[in-house]
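I opened my notebook to look up a few things in this structure. Here is what I went through, entry by entry.

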Amino acid sequence: MRTPHVVVVMGVAGTGKTTIGPLLAARLGVPYAEGDDFHPQANIDKMSAGTPLEDADRWPWLDAIGAWAHGRAGLGGVVSCSALKRSYRDRLRAEAPEVVFLHLAGDRALIEDRMSHRQGHFMPTALLESQFATLQPLQPDEAGVVVDVTGSPEEITERAADALDALADTSR
Ligand SMILES: Nc1ncnc2c1ncn2[C@@H]1O[C@H](COP(=O)(O)OP(=O)(O)OP(=O)(O)O)[C@@H](O)[C@H]1O
Ligand SMILES: [Mg+2]
């Protein structure tokens, strides 16, 4: 039997991390954790006040996510975390070398359209713009897969599970 993956679901705001993450976890039979829940109180206060986080604020948050992920090593788990920059992923891997990234990728128009239908969540266009500007795609030396977010959540989950399966095949 192959070792279950510990998956970090990454991608820009609105790409479907919170939607797909739990579906994928259910399909893999492993626990799901919401990355946003790992912020220290100082970050929650900052975000509530509308102050953008700086990278220095993100390190303890990423370390907490990494600690959860590492605790699932060999057991499997799925956690969401936008992980837009290589340096954020390096930080996660420092805590949890076993993680594989699932990059949910889609074009701006599609994501913007989905965001516009989201209830109780206002996302200015400029914020999405800056998310795409910040995004550094997975590099060849990073374990992970890129999955397109067209179609229904069920279709995307299926696509993600297949891609992760194939990843396991190539690393054996
Ligand atoms: N495949 C899909 N088809 C249609 N709508 C979708 C799909 N995936 C996600 N959505 C919708 O798009 C919006 C954004 O999805 P979601 O909240 O999962 O994104 P996210 O990556 O977690 O965003 P954030 O970074 O802001 O937390 C939600 O309203 C969600 O219901
Ligand atoms: Mg989310």
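What radius of gyration would a compact globule with 172 residues have, and what does the chain have? I found that such a globule would be near 16 Å and that the chain has 15 Å, which agrees. The radius is taken over C-alpha atoms, and the globule rule is 2.2 Å times the number of residues to the power 0.38.

I noted that this is a predicted model, where local features need pLDDT of at least 70, side-chain atom pairs count only at pLDDT 80 or more, and totals for chains, interfaces and linings use all residues. Residues are numbered from 1 along each chain as its sequence is written, while chains are lettered from A and ligands numbered from 1 in the order in which they are written.

Next, I looked up the elements. The chain has seven helices and five strands (DSSP runs numbered from the N terminus: helices are H or I with at least four residues, strands E with at least two). From the N terminus on, I read β-α-β-α-α-β-α-β-α-α-β-α.

Then I turned to ligand 1. I found 16 residues around ligand 1, the closest being Lys-17, Thr-18, Thr-19, Arg-114 and Arg-118 (a residue is near if its C-beta atom, placed from the backbone, lies within 6 Å). Helix H1 (17-28), H5 and helix H7 (153-170) each give two or more residues to this shell, and H1 gives the most, with three.

Finally, I checked the overall extent: along its principal axes, the C-alpha trace spans about 50 × 35 × 30 Å.
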